[in-house]
Amino acid sequence: MEGAAVRLLRGSALLRRHVPTCLSSWKTPPRVLKSSQSAALLGVTDHGPSCAALQMFTEEEMMIKNTVKKFAQEQIAPLVSTMDENSKMEESVIQGLFQQGLMGIEIETKYGGTGASFFSSILAIEELAKVDASVALLCDLQNTIINNLIRKHGTEEQKATYLTELATEKIGSFCLSEAGAGSDAFALKTRADKKGNYYVINGSKMWITNAEYAGLFLVMANINSDLGYKGITCFLVDRDTEGLHVGKAENKMGLRASSTCPLTFENVKVPETNILGQIGHGYKYAIGSLNEGRIGIAAQMLGLAQGCFDHTIPYMKERIQFGKRIFDFQGLQHQVAQVATQLEAARLLIYNTARLLEGGKSFMKEASMAKYYASEIAGLTTSKCIEWMGGVGYTKDFPVEKYFRDAKVGTIYEGASNIQLNTIAKCIDTEY
Ligand SMILES: Cc1cc2nc3c(=O)[nH]c(=O)nc-3n(C[C@H](O)[C@H](O)[C@H](O)COP(=O)(O)OP(=O)(O)OC[C@H]3O[C@@H](n4cnc5c(N)ncnc54)[C@H](O)[C@@H]3O)c2cc1C
């Protein structure tokens, strides 16, 4: 890890220093909270190791968090508004993520990855989302879903080929949803028919994030519909494979810099060596990866809510009405305090779930709770921030309306809020 850490630090040292102004406009990053500048904490006392508080990080985690914060503020913040307006991720941002080692955070160093922890990915996603949730989503999907599926289920050959590319240059897309298979994802109709050493994929997918820029697609297709969901198999499909078509990106309300496209498969020939893991285990891999992915989406929602809050509070401390700062009105102070408490609660749910995962404990219920709660809180926080800023909050001259638009999808993708509640209830059912 030392090599990657040094690389991360070296990368960040080259970045231009950018001092935020109080009345944050589009081109400035959110203000940094004084309380978030505390030192790294290792959970080690004079009397030996102790259970650390959830917001105590290892040196490695702290270094990655600080490096990502600096990268996001200096290299992404100036481009956020343009990327949103143009519905286009800047190439420099994508390259920056790769150069900083943020597209292969957990990938082992022997494959060119950073070799850091899952928790570090969560901190990176949170920091990126404070500045731009679309960039955070790119980093999140690559790390928590694509890379981890291949790390866990890939053959040595697949790992050597794909992990190396994913850590350094290639974006991956996860292709599960279809027009008729959203919450009921395993009702998917895309099929893969065996022909000698090949499978031939036919069908279509919807809502595929990063498809515009992706070089690799992890495609869930059924090899025998008589088997139902037990026929679902995961295929590694290269972008230039004949018969794979990426459709026009959706014109979305938020996350506009993140491409979300339909895909069609017309007799797409994939060698059987490109099956990921076992035939018929695709549904298990999808469930497992989405459980992890939900922690990432929760971190994305938390980050964007915190970023929005950090933009808004300084404004409230400057804006004078009735001869006072609007922050001084108790009616507003109580709302601010409630939102800050909810953000803190979301953060603890997310960090605890990530620590459970790293500790090899069960975390399915907690991941659903974290994703459900963080996305609800993100909607509430961003809506309140617009209200607190009054008319200017409603304009595109300030970034809070974008955070509001970006937040909404948290209650929809990687399992809508009702689906998270179903999972939580199912887990509770087994506990009593
Ligand atoms: C921006 C974006 C990016 C996405 N990226 C990807 C991607 O990269 N890869 C991918 O495979 N998919 C992706 N998706 C798809 C996403 O996962 C689905 O949109 C999501 O699973 C919901 O499916 P649906 O849109 O069909 O809604 P539906 O399933 O039609 O749900 C509509 C409503 O019905 C409710 N509902 C459904 N079933 C139940 C139930 N059993 N009980 C109670 N309520 C229920 C839901 O909560 C929701 O409120 C993306 C979607 C979006 C919007």
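These exercises look at aromatic rings and at charges over rings in a predicted model. Residues are numbered from 1 along each chain as its sequence is written, and side-chain values use heavy atoms, with hydrogens and water left out. Because the model is predicted, local features need pLDDT of at least 70 and side-chain atom pairs count only at pLDDT 80 or more, while totals for chains, interfaces and linings use all residues.

**Exercise 1.** Work out which kind of pair Phe 309 and Trp 388 form.

Solution. Rings of Phe, Tyr and Trp (its six-membered ring) pair if their centres lie within 6.5 Å, and planes under 30 degrees apart count as stacked, over 60 as edge-to-face and the rest as tilted. The centres of Phe 309 and Trp 388 are 6.3 Å apart and their planes stand at 70°, so the pair is edge-to-face.

**Exercise 2.** Decide whether Phe 309 is buried or exposed, and do likewise for Trp 388.

Solution. Buried means under 20% relative accessible area, exposed over 50% and partly exposed in between (1.4 Å probe, protein chains only). Phe 309 has a relative accessible area of 8%, so Phe 309 is buried; Trp 388, with 3%, is buried as well.

**Exercise 3.** Find which rings carry the charges of Lys 269 and Arg 355.

Solution. A charge sits over a ring if NZ of Lys or CZ of Arg is within 6 Å of the ring centre and within 35 degrees of the ring normal. Lys 269 lies over the face of Tyr 198, 4.6 Å from the ring centre. The charged end of Arg 355 is placed over Phe 119, at 3.6 Å from the centre of that ring, and Phe 119 is also linked by ring pairs with Phe 57 and Tyr 351 into a cluster.
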